[in-house]
Amino acid sequence: SVLRAGYGMFYGRTPAIMTGTAHSQNGVQVIAIDINCSTAPPGTCPVYPNVFPTIPTTVAAVTPNLYLFGRDYSQPFTHQARVQYEREIFKNTTVSVQYTMFRGVDLSRTRNANLSAPVTTTLTVYDGTTATSLPTTTTFTFQRFSNPRPLTSFQRISLFESSAKSQYHGLTFEFNKRFADRWQFN
């Protein structure tokens, strides 16, 4: 018989996509302009080395997005534990039971902080016809963010927070016949 156990506490890293986005795209909105010079009116497309004197009028004004870290942002942290009991029941044959636990705190998540309160919305969907040839419908009621944004000068305000948590408990039973006499089983 053997008893195995282990426990550890681990700090994670803030994902690079979060820090990179907050540093390089904060309030910067990329606009792609596609101009087809073969169908544009004459004089519309400048010839190199000339450039456009202004942004073409076909481009609409874009409201920027913001990417911010919460004031109390912390690095992700996990607790991990495992206990296993294993016993040999026949020659080269064992059974074991193992309990595993993972608990995460201060896990990263992104929340849009520029949403108004949700509004209850009802939607009716046509399902088709029944055997009596009468149409059937299903009604869904859900919450929808349809009101104007509280800060109208910005679209999405992505707030990077460390407020998510996780919990995992696992129980494993194993029957293992080690390799002997040309066969094994697990």
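# Notebook: strands, salt bridges and rings

I started with tyrosine 99 and found its place in strand S4. Strands here are DSSP runs of E with at least two residues, while helices are runs of H or I with at least four residues, and both are numbered from the N terminus. Before going on, I noted that this is a predicted model, where local features need pLDDT of at least 70, side-chain atom pairs count only at pLDDT 80 or more, and totals for chains, interfaces and linings use all residues. Residues are numbered from 1 along each chain as its sequence is written, and side-chain values use heavy atoms, with hydrogens and water left out.

**Entry: around tyrosine 99**

I looked up how open tyrosine 99 is, and it counts as partly exposed at 35% relative accessibility. My cut-offs are under 20% relative accessible area for buried, over 50% for exposed, and partly exposed in between (1.4 Å probe, protein chains only). Across from tyrosine 99 in S4 I found valine 83. I then checked S3 and S4 as strands: they run antiparallel and 13 bridges join them. Two strands pair if DSSP finds at least two bridges between them. The hairpin of S3 and S4 has 2 residues between the strands, and asparagine 92 there takes a positive phi near 65°.

**Entry: S1 against S3**

I went to the other partner of S3 on my list. S1 and S3 are antiparallel as well, joined by 10 bridges. Phenylalanine 10 stands opposite threonine 78 in S3. Leucine 3 also sits in strand S1, and I have it down as exposed, with a relative accessible area of 63%.

What does leucine 3 touch, leaving aside its neighbours within four places in sequence? I got Val83, Gln84 and Tyr85, where contact means heavy atoms within 4.5 Å. Leucine 3 and tyrosine 85 are 82 residues apart along the chain, yet their C-alpha atoms are separated by 4.6 Å.

**Entry: a nonpolar patch**

I found leucine 3 again in a nonpolar surface patch of about 660 Å², together with Val83, Tyr85, Tyr99, Leu171 and Phe173. S3 and S7 are the elements that give two or more residues to this patch. Patch residues have over 30% relative accessible area and no salt bridge; like charges are joined within 9 Å, nonpolar side chains (Val, Leu, Ile, Met, Phe, Trp, Tyr) within 5 Å. The accessible areas come from the Shrake-Rupley method with a 1.4 Å probe, and for residues only the protein chains shown count as cover.

**Entry: salt bridges**

How many salt bridges does the structure hold? I counted 4, each being a side-chain nitrogen of Lys or Arg within 4 Å of a carboxyl oxygen of Asp or Glu.

I took arginine 4 and glutamate 86 to begin with; their closest N and O atoms are 2.6 Å apart. Arginine 4 lies in strand S1 (residues 2-11) and glutamate 86 in strand S3 (residues 77-90), so this pair ties together parts 82 residues apart in sequence. Arginine 4 is partly exposed at 31% relative accessibility, whereas glutamate 86 is buried at 14%.

Next I checked arginine 109, which forms a salt bridge with glutamate 161, with 3.0 Å between the closest N and O atoms. Arginine 109 is in strand S4 (residues 93-112) and glutamate 161 in strand S7 (residues 157-180), 52 residues apart, so I noted a link between distant parts of the chain. Arginine 109 is partly exposed at 37% relative accessible area, but glutamate 161 is buried at 14%.

Arginine 111 meets glutamate 161 too, in a salt bridge of 2.9 Å, N to O. Arginine 111 lies in S4 and glutamate 161 in S7, so the pair ties together parts that are 50 residues apart in sequence. I have arginine 111 as partly exposed, at 34%. I also noted a network of salt bridges with shared partners, made of Arg4, Glu86 and Arg178.

**Entry: aromatic rings**

My search of the whole structure gave 4 aromatic pairs. One of them is phenylalanine 69 with tyrosine 73, edge-to-face, with 5.0 Å centre to centre and 80° between the planes. Rings of Phe, Tyr and Trp (its six-membered ring) pair if their centres lie within 6.5 Å; planes under 30 degrees apart are stacked, over 60 edge-to-face, and the rest tilted.
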